[in-house]
Amino acid sequence: MKSFIVLSALVALTYAAPQFQYQQQPQYQNQFIPILRQNQEINPDGSYSFSYETGNGINAQEQGYLKNPGIKDAEAQVAQGSFSYTSPEGIPINLKYYADETGFHAEGAHLPVPPPIPEAIARALQYIQSQPQQPQNQYQGFRG
């Protein structure tokens, strides 16, 4: 009976152990990384810009402004920029982005892309789009 309890406890400990442990990259641990260049500008109209470059190869820049200031329900913060660095695997990462009232949009060769739409589905979507829209009655399915 004791051996069953000990065996059960060991099995429980095995399943409770972490399955993945993140190993921190020792590349820059406890190392001073200098900022080689840094600029920032904030203007009275709300527009701004910043950029920087670090000693380990990180570069970033961004500009932004307030679109339609003072117009209720039309104001939107707009920003565009880019950054680049080298991944721990040695792959250069370059990302360009913009953000506005439509959301955040990013471009980069390292980002995943969706597979192409199958031809049959593309044809079906074209067919649906070519059909005239019918007015919808909110009570259409209810008959009394």
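Residues are called buried under 20% relative accessible area, exposed over 50% and partly exposed in between, using a 1.4 Å probe and protein chains only. This is a predicted model in which local features need pLDDT of at least 70, side-chain atom pairs count only at pLDDT 80 or more, and totals for chains, interfaces and linings use all residues. Residues are numbered from 1 along each chain as its sequence is written, and side-chain values use heavy atoms, with hydrogens and water left out.

**Figure 1. Overall arrangement of the chain.** Buried residues account for 10% of the 144 residues in the chain. The chain contains 2 helices and 6 strands, in the order α-β-β-β-β-β-β-α from the N terminus. Helices (H or I, at least four residues) and strands (E, at least two) are DSSP runs, numbered from the N terminus.

**Figure 2. The hairpin of strand 1 and strand 2.** Strand 1 spans residues 35-42; because the number of buried residues among its 8 is 0, strand 1 lies largely in the open. Strand 1 pairs with strand 2 (residues 48-54) in the antiparallel sense over 7 bridges, pairing being assigned if DSSP finds at least two bridges between two strands. Phe 50 in strand 2 is the bridge partner of Gln 40. The hairpin has 5 residues between the strands, and Gly 46 takes a positive phi near 95°.

**Figure 3. The surroundings of Ser 84.** Ser 84 belongs to strand 4 (residues 76-86). Ser 84 counts as buried because its relative accessibility is 16%. Leaving aside residues up to four places away in sequence, Ser 84 touches Gly 57, Ile 58, Asn 59, Ile 93 and Asn 94, where contact means heavy atoms within 4.5 Å.
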